[in-house]
Amino acid sequence: MKPVRPPIQTDTGQPQAPPTVTPLTESRAEAYVASICFKIGPPRRVGVELEWLVQDARDPDAPVDPARIDAAVEALGLRPPDPTLPAGSRITREPGGQVELSSPPADSLTDCAETTLRDLGALRTSFAARGLSLVGLGTDPYPRQRRVVVHGPRYAAMEEFFGRGGPWGKIMMCASASVQVCLDAGTDGPGSRGFRDRWRLLHLLGPVLVAAFANSPLLDGRPTGRRSTRQAVWERVDPSRSLAPTPLADDPRQAWARYVLDAELLCVRRGDGLPWTAPGGLTFRDWLRGAGERPATLDDLDYHLTTLFPPVRPQGHLELRMIDAQPDDGWLIPTALVTALLDDDRAADAALAALEPLADPDRDLPGPRGTLWTRASTHAVADPDLRRAAVACFAAADEALPRLGAPAALRHAVAAFADRYPGRGRCPADDQLDALAGRTSTGTRTRPGTDPATTQETAPC
């Protein structure tokens, strides 16, 4: 369910074709975005995009030569015209060397799980044969130089753009990983199957997902004071492309169209080896009004859409971007939870009832900023309000999963996670902090190595 990103390593910025030359008007641009980003129909499909940090299997804090990652990907034997893994997933490389597996859209949660597990097994086998591990953490915990190792004009422009605002963009590009759950937008009608209610529910659910699956308490070898450092990083990245459209009460199509045009340009595609760096402060709307170096085209708008990173991104389907990468096959849990809460009417109603008391439209901004999102990334489900909402959402999912035909093993895994983590006010990040504290107290060399019991922030988050 990832139509905007091309397959293996072609996301380095090389365009498939030169931009069209037909100038684009502002009204046509808004109408186009509103028409393509929410594909209307009964919700049934689900997919996932899994980002993985790559570590040396024997020495996790050692830097990994990008050539080893290249070799592991090449050994999969994926070739055009259909460069996919056996079950249909595609592989892309992230700028810092992370690897992403994007599943094909599946007609059920069960099919999505089976397909992704099969392809992930092939990917893990290829990397293990070269002494590499795919690691599910929201941020790279080890102190190391951050380099953009996947080259091309797109990533060079991204590096320059985000560098204007401090280190956060490079941390996001080179040292973070996520689980992205993708679901159909929904119908054009009212109720839990309509795209308007699904859009609102996902934004209300966002802080609870951040809290329940927080898994990035470490950066540069020490605790940051956040359970989800990855979320803290997103709080500091360019707001024109990382916030949610406002107000959420508006028609999502119109709100998203305005958001797209008002976002700053991250890059401008140019030919003949020229850099793609965009002028500072130039929005796509400015470009349409004649401020750019040439008239903007529909191809430019399509590419601009791929450079926006809000917590819920409409790409025809809805892509959730706020969940930290999870250990091992832990990605199955948020995938099952979100699918159950969105695709089962009774679960959706129960989730909405649990989440609405958290909303404070007079004070909170839509993610990733706002007090609730900060509480989620800092305290996770140790926050009593977030814990209460998370427990209720897991309970609603537990009842819904049998109705969706989820296999018993997956239902048991979701229930076990709910008991181990939100039921006890914990999240996966707490396991990392406990392990770090144990190594410190026994005098073992810690990797990374400071005492997580400190309550002050020890890294710039």
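Reader: What share of the residues of the protein chain counts as buried?

Author: A residue counts as buried when its relative accessible area is under 20%. In this predicted model, 56% of the 461 residues of the protein chain are buried by that rule. The accessible surface of the chain amounts to about 18000 Å², and 52% of that surface belongs to carbon and sulfur atoms.

Reader: How many helices and strands are there in the protein chain?

Author: The protein chain has 17 helices and nine strands. As for how its parts meet, consider contacts between residues at least 6 apart in sequence: 77% of these join residues at least 24 apart.

Reader: Is D430 buried or exposed?

Author: One compares its relative accessible area with the cut-off. For D430 that area is 9%, so the residue is buried. D430 is located in helix α17, which spans residues 428-441.

Reader: Which side chain makes a polar contact with the side chain of D430?

Author: The partner is the side chain of R227, at 2.8 Å. Leaving aside residues up to four places away in sequence, D430 touches R227 and G425.

Reader: Which residues of helix α4 are buried?

Author: An α-helix has 3.6 residues a turn, so residues three or four places apart point the same way. In helix α4 (residues 153-163), the buried residues are P153, R154, Y155, A157, M158, F161 and F162. These buried residues pack against β2 (90-93), α5 (168-175), α8 (239-242) and α11 (298-305).

Reader: At what angle do the axes of helix α1 and helix α9 cross?

Author: The axes of α1 (residues 26-36) and α9 (residues 252-262) cross at roughly 125 degrees and come within 8 Å. The two helices are therefore oblique to each other. Their crossing is right-handed. On the α1 side, E26, A29, E30, V33 and A34 take part; they meet R253, Q254, W256, A257, R258, V260 and L261 of α9.

Reader: How do the axes of helix α12 and helix α16 cross?

Author: An angle of 65 to 115 degrees counts as roughly perpendicular. The axes of α12 (residues 332-343) and α16 (residues 408-420) come within 10 Å and cross at roughly 100 degrees. For that reason α12 is described as roughly perpendicular to α16.

Reader: Which residues meet where α12 and α16 are in contact?

Author: From α12 come L332, I333 and A336, and from α16 come L410, A413, V414 and F417.

Technical notes. Residues numbered from 1 in each chain as written. Predicted model: local features only at pLDDT ≥ 70, side-chain atom pairs only at ≥ 80, totals over all residues. Heavy atoms only, no water. Helix = DSSP H or I, 4+ residues; strand = E, 2+ residues; numbered from the N terminus. Buried < 20%, exposed > 50% of the residue type's maximum accessible area, 1.4 Å probe, protein only. Contact = heavy atoms within 4.5 Å. Areas by Shrake-Rupley, 256 points an atom, 1.4 Å probe, with all protein chains shown as cover. Polar contact = N/O pair within 3.5 Å; in protein donor to acceptor, adjacent residues only side chain to side chain. Axes fitted to C-alpha atoms, helices over the stretch in contact; angles between N-to-C directions. Parallel < 35°, antiparallel > 145°, perpendicular 65-115°, else oblique. Left-handed = near helix turned anticlockwise from the far one by under 90°.
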